[in-house]
Amino acid sequence: MIIIDTVIGSPSQQILEAQLSMDICMMTLTTGKEPEERDWHKIFLEAGFTRYKIMPILGVRALIEVYP
């Protein structure tokens, strides 16, 4: 599966201010927040996936490859 989304706190991300700004927007407009790498990890394991890879590609967005 391929996901394109923001990963807050990912060591591969270089634009921390933009990540945090998106997190604030998410908290202001909804009741949620942008997921951190550990949140993605938990989601993938609970869904039955065995591994994943996070790669920065689009500024603050990352390409997440998830494998069965």
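Author: Happy to! One term first: a residue counts as buried when its relative accessible area is under 20%, as exposed when that value is over 50%, and as partly exposed in between. Arg38, for instance, is exposed because its relative accessible area is 57%. Please keep in mind that this is a predicted model.

Let us start with the setting. The protein chain has two helices and three strands, and along the sequence they follow the pattern β-α-α-β-β. Of the 68 residues in the chain, 26% are buried. Among contacts with a separation of 6 or more, 53% join residues 24 or more positions apart.

Now to the rings. Three aromatic pairs are counted here. One of them is formed by Trp40 and Phe44, a stacked pair with 5.5 Å centre to centre and 25 degrees between the planes. Both residues belong to helix 2, where they sit four residues apart, about one turn of the helix. Trp40 and Phe44 are both buried. Phe44 also takes part in a second pair, with Phe49, and this one is edge-to-face: the centres are 6.4 Å apart and the planes make an angle of 85 degrees. Taken together, ring pairs join Trp40, Phe44, Phe49 and Tyr52 into a cluster.

Leaving aside residues up to four places away in sequence, Phe44 touches Ile3, Phe49, Tyr52, Ile64 and Val66. Several of these names come back in the largest nonpolar core, whose eight residues are Ile3, Val7, Trp40, Phe44, Ile54, Ala62, Ile64 and Val66. Helix 2 (37-46) and strand 3 (61-67) are the elements that each give two or more residues to this core. Strand 3 gives the most, with three residues. As general background, nonpolar side chains in soluble globular proteins tend to be buried together.

In one of them, the side chain of Arg38 meets that of Glu36, at 2.8 Å from N to O. The other is between Glu65 and Lys53, with the closest N and O atoms 3.8 Å apart. This pair links distant parts of the chain, since Glu65 lies in strand 3 and Lys53 in strand 2 (residues 51-58), 12 residues apart. Lys53 counts as partly exposed because its relative accessibility is 39%.

Finally, a look at the outside. Some nonpolar residues are found on the surface too: Ile2, Ile4, Ile57 and Leu58 form a nonpolar patch there, with about 400 Å² of accessible area together. Strand 1 (2-6) and strand 2 each supply at least two residues of this patch. Ile4, which lies in strand 1, counts as partly exposed because its relative accessibility is 48%. For the protein chain as a whole, the accessible surface comes to about 4,600 Å², and 62% of that belongs to carbon and sulfur atoms.

Methods. Residues are numbered from 1 along each chain as its sequence is written. This is a predicted model: local features need pLDDT of at least 70, side-chain atom pairs count only at pLDDT 80 or more; totals for chains, interfaces and linings use all residues. Side-chain values use heavy atoms; hydrogens and water are left out. A nonpolar core is a set of buried Ala, Val, Leu, Ile, Met, Phe, Trp, Tyr and Cys residues joined through side-chain atoms within 4.5 Å. Buried means under 20% relative accessible area, exposed over 50%, partly exposed in between (1.4 Å probe, protein chains only). Contact means heavy atoms within 4.5 Å. A salt bridge is a side-chain nitrogen of Lys or Arg within 4 Å of a carboxyl oxygen of Asp or Glu. Patches are made of residues with over 30% relative accessible area and no salt bridge: like charges are joined within 9 Å, nonpolar side chains (Val, Leu, Ile, Met, Phe, Trp, Tyr) within 5 Å. Accessible areas come from the Shrake-Rupley method with a 1.4 Å probe; for residues, only the protein chains shown count as cover. Rings of Phe, Tyr and Trp (its six-membered ring) pair if their centres lie within 6.5 Å; planes under 30 degrees apart count as stacked, over 60 as edge-to-face and the rest as tilted.
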